[in-house]
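Open the model in your viewer and keep the selection panel at hand.

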Amino acid sequence: MSNLVYDFAEGNKDMKELLGGKGANLAEMTNLGLPVPPGFTITTEACKVYLRTGAVPPELADEIDHHVDVLQQKMGKKLGQADDPLLVSVRSGAAASMPGMMETVLNVGLNDDSVNGLAHQSGNPRFAWDAYRRLIQMFGKTVLAMDGEVFEQALDAAKDAKGARSDLDLDADDLKALVETFKHAVHEHTGREFPQDPRTQMDLAIAAVFGSWNSERAILYRRQERIGTDLGTAVNICSMVFGNLGMDSGTGVAFTRDPSTGQPGVYGDYLQNAQGEDVVAGIRNTVPLADMEQLDKTSYDELMAIMAKLEGHYRDLCDIEFTVERGKLWMLQTRVGKRTAAAAFRIATSLIDEGVIDTDEALRRVTGAQLAQLMFPRFDADAEKEKIAKGIGASPGAASGTVIFTSAAAVEAADKGEKVILVRRETNPDDLHGMIAAQGILTSRGGKTSHAAVVARGMGKTCVCGAEELDVNVAQGTITVNGTVIEEGETISIDGTTGEVFRGEVPVVPSPVVQYFEGSLHADDGDELVAAVHRLMTHADEVRRLGIRTNADTADDAARARRFGAEGIGLCRTEHMFLGERRESVERLILADNDADCAAALAELEPLQRGDFLELLAAMDGLPVTIRLIDPPLHEFLPSMEELAVKVALARERGQDPGHDAALLTAVERLHEENPMLGLRGVRLGLVIPGLFAMQVRAIASAAAELREQGKDPRPEIMIPLVGAVQELMLARDEVEGVLAEVGVESIPIGTMIELPRAAVIADQIAEAADFFSFGTNDLTQTTWGFSRDDVEGAFFSRYLEKGIFAVSPFESIDREGVGALVRTGVERGRATKPDLKLGICGEHGGDPDSIQFFHEVGLDYVSCSPFRIPVARLEAGRSAL
Ligand code: PEP
Ligand code: MG
């Protein structure tokens with residue numbers, strides 16, 4: 001047998017890549033002896049073949065035959081058996097959870113004959129015909145790509161004809177008639193009959209599930225969640241159990257701890273006489289799991305025992321889907337459950353205290369991305385607010401925006417830069433676009449396990465659900481709440497922690513976690529989340545090997561970064577000191593047409609620069625401060641060529657003398673570059689404009705000298721940008737050393753950025769002239785890919801992401817294979833020349849969790865990132881070292 005199909009009993013939880021998350025965990029539960037309905041899993045390998053060739057592998061049919069035989073023997077009944085049919089569900093299940101993004105077909109195995117057998121066996125004809133009508137409906141939509149509206153309308157018509165309000169008011173005969181209508185619709189829309197042969201139903205459903213890997217919403221979801229495009233989904237074929245056989249049946253979703261706060265204690269929702277999809281869809285309101293104890297104590301007790309067993313086994317919060325069929329409990333799914341960022345920190349530290357995991361493991365279980373979420377602001381408790389409703393806090397955060405009712409309108413408004421709150425009665429997978437575009441999501445139906453809640457939590461987006469006081473009228477574009485009407489376009493604010501909904505915009509304050517990093521709140525002040533963050537941060541700092549520096553150009557930023565734990569500055573972009581009023585001095589420098597004017601302009605700039613360095617070095621006293629000499633092309637400091645040309649032309653037309661503007665225009669034209677990122681910038685500027693680097697170095701050295709005289713410990717390091725040849729660095733270095741000797745401060749390290757592919761490749765030579773390297777991964781990404789960093793993101797990256805060329809922008813997360821290989825080369829070759837060469841990175845990737853792991857692996861000494869990312873970098877550096 002090849003590896004295309006596995007019985008549930010043959011797999012285990014570690015086989016997610018092959019069996020998908022659902023399949024692997026069904027196998028694990030089966031082997032733990034839990035009550036899982038028998039079934040088998042068709043692997044992601046089969047899906048990959050399907051996605052590549054458009055057909056399932058030829059040997060799959062035989063393997064499925066074999067597993068169907070085994071299943072039929074186990075169940076004592078056959079697919080399509082007229083008197084007592086075996087029914088199965090055909091479900092998607094990828095390695096990474098993608099809730100509701102792919103397809104499912106239930107009740108496969110029913111046909112015109114076996115529906116009678118099911119009616120007889122269950123003693124409930126209404127149930128049997130309802131199951132058959134659901135099969136045709138799901139099959140039509142999913143497998144035959146029919147518009148779901150066709151079925152919805154037929155269903156509505158049947159209800160209208162009967163004067164019925166709910167589906168439950170339709171009896172067996174009504175549903176039997178509806179089945180006929182549905183079958184006609186199938187024929188009319190597809191030109192073929194609804195297949196009566198159960199194996200054909202199954203095969204077509206399997207192919208449809210495979211195909212749904214590439215549905216628009218699945219692609220969008222993967223992009224959002226950075227899930228690879230070529231992993232494929234497994235398909236689980238599971239014998240059906242029914243939660244809708246009466247009031248002694250039901251279905252539910254449960255968590256072994258609260259997934260939004262991390263509080264210990266089981267948590268979940270239960271719905272009597274319903275099928276699984278009814279709970280997640282939020283269509284009918286569920287009861288809290290605790291209430292199930294009164295409804296069905298035996299099943300409840302068994303479920304509690306199973307949940308305890310699962311948590312003990314997985315040593316983590318598990319989420320569970322279960323069904324009770326006539327008093328018998330069945331486990332349909334489990335996995336290590338999604339949780340909010342706050343819950344992740346609290347569960348991790350609780351599990352240490354419970355003796356379940358050690359501190360290393362706890363640190364592995366939280367991420368930098370989660371910490372970043374905890375640093376978002378909250379609503380100001382003291383601000384005046386008009387509370388209009390309270391729902392369930394399903395995904396934390398504080399979001400304000402205009403009320404929008406449809407996904408399309410949300411996307412449109414967000415594209416215009418508007419902040420919106422997507423308001424729906426409930427969401428479904430088609431709302432994904434709008435959910436991504438919105439600041440927050442508000443629904444009037446559904447609990448913590450509804451679609452809106454689950455997806456929002458996964459995305460880290462603020463969500464309040466089940467705010468039942470709200471009457472959401474999408475057609476009219478209004479929300480009515482206790483007599484007040486809120487129109488589309490009005491601003492509201494939602495608190496995803498408390499579930500409160502406010503009218504208007506509520507001001508925000510820093511989160512307690514930020515207050516902790518700032519030093520105004522302490523670990524022992526009684527905030528449990530802050531205490532958990534403190535514990536894991538402390539451990540991360542103990543175990544990490546990477547140093548953490550910040551990118552900062554002002555004393556304020558430097559001071560904040562230092563409070564957040566920065567151990568120095570990895571990049572001060574000095575050109576930021578040339579902006580504002582100082583532009584005029586830069587202009588004079590550029591316009592100077594003789595040495596004296598040039599020197600005079602530089603002399604104006606020098607004391608200003610010196611003042612900047614004094615402040616910066618003082619703020620980072622005792623810690624290294626890498627100061628990069630000016631990098632961008634000079635035209636960036638001049639007005640736009642088009643505007644200036646118009647101004648000069650207008651003046652001339654009016655017979656006026658354009659004066660200064662004319663001279664400026666000549667300079668702008670001289671410096672204009674077609675491809676500015678690759679022109680006269682970086683070290684090239686220093687070598688071409690006499691005195692420019694020297695002025696900066698004098699300012700640095702004299703600032704350091706002054707601070708030393710004051711008894712301080714300034715530690716500047718001078719960094720030369722955009723070096724591609726060792727000769728460039730040697731020339732620049734000569735000039736820098738000359739100035740340092742003049743000022744009498746000779747102990748300042750001189751290094752370079754490695755941000756051109758050539759520099760990485762000849763790093764062994766460059767290391768001869770450098771005391772340190774700092775990888776400029778922004779430019780290195782730009783020059784390795786040939787992507788202009790300011791032009792490509794808006795121009796075509798979204799198409800590239802859709803097409804799966806990359807799962808995330810290479811400017812956001814390091815491209816390990818390409819740019820990363822150059823970093824590795826630079827490290828190896830640099831250290832081949834100088835074994836103890838100090839190596840850092842200061843591109844945007846320095847604050848990206850995934851990239852930090854990579855920089856740890858290749859052996860850098862530190863990462864440098866923006867001040868606000870420092871805690872994230874500390875945490876991820878700690879995790880990398882485990
Ligand atoms: C870089 O290129 O990665 C870098 C840090 O420099 P800048 O972004 O200023 O070009
Ligand atoms: Mg750069």
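Start by selecting His451 and Cys842, where UniProt, in an unreviewed entry, places the feature "active site". The two positions are spread over 392 residues of sequence and are also spread in space, up to 39.7 Å between C-alpha atoms. UniProt positions are in the numbering used here, feature names are shortened, and annotations may be inferred rather than shown by experiment.

Before going on, note that this is a predicted model, in which local features need pLDDT of at least 70, side-chain atom pairs count only at pLDDT 80 or more, and totals for chains, interfaces and linings use all residues. Residues are numbered from 1 along each chain as its sequence is written, while chains are lettered from A and ligands numbered from 1 in the order in which they are written.

Zoom to His451, which is in helix α18 (residues 451-459). Helices (H or I, at least four residues) and strands (E, at least two) are DSSP runs, numbered from the N terminus. His451 is buried, with 23 other C-beta atoms within 10 Å. Buried stands for 20 or more other C-beta atoms within 10 Å of a residue's own, exposed for 12 or fewer, and partly exposed for the range in between, with C-beta atoms placed from the backbone.

Move to Cys842, in the loop between β30 (838-841) and α34 (849-857). Cys842 also counts as buried, with 28 C-beta neighbours inside 10 Å. Residues up to four places away in sequence aside, Cys842 touches Asn551, Gly570, Leu571, Ser774, Gly776 and Ser864; contact is C-beta atoms, placed from the backbone, within 7 Å.

Next, show ligand 1. Which residues surround ligand 1? They are Leu571, Arg573, Asp631, Glu755, Gly776, Thr777, Asn778, Asp779, Cys842 and Gly843, where a residue is near a molecule if its C-beta atom, placed from the backbone, lies within 6 Å of it. β25 (569-573) and α31 are the elements that give two or more residues to this shell, and α31 supplies the largest share, 3 residues. By class the shell has 2 nonpolar, 4 polar and 4 charged residues. Ala, Val, Leu, Ile, Met, Phe, Trp, Tyr, Cys and Pro count as nonpolar, Asp, Glu, Lys and Arg as charged, and the others, Gly among them, as polar.

Now colour the "binding site" positions from the unreviewed UniProt entry: Arg573, Arg628, Glu755, Gly776, Thr777, Asn778 and Asp779. Thr777 is buried, with 29 other C-beta atoms within 10 Å, whereas Asn778 is partly exposed, with 16. Beyond four places in sequence, Thr777 touches Ile814, Val819, Ile841, Gly843 and His845; on the same terms, Asn778 contacts Arg789, Phe811, Gly843 and Glu844.

Zoom out and colour by domain: domain 1 (48-239), domain 2 (250-339), domain 3 (378-509), domain 4 (544-633 + 673-880) and domain 5 (634-672). The bounds come from an automatic or database domain assignment. The centres of domain 2 and domain 4, taken over C-alpha atoms, are separated by 53 Å.

Finish with Val863, which with Ile421 has the most contacts inside the largest nonpolar core, a set of 250 residues. Such a core consists of buried Ala, Val, Leu, Ile, Met, Phe, Trp, Tyr and Cys residues joined through C-beta atoms within 7 Å. Among the residues that Val863 touches are Leu546, Ile548, Ala873 and Ala877. Then select helix α35 (residues 870-880): 11 of its 11 residues are buried, so the helix is largely enclosed by the rest of the structure.

How values were computed: Two residues are in contact if their C-beta atoms, placed from the backbone, lie within 7 Å.
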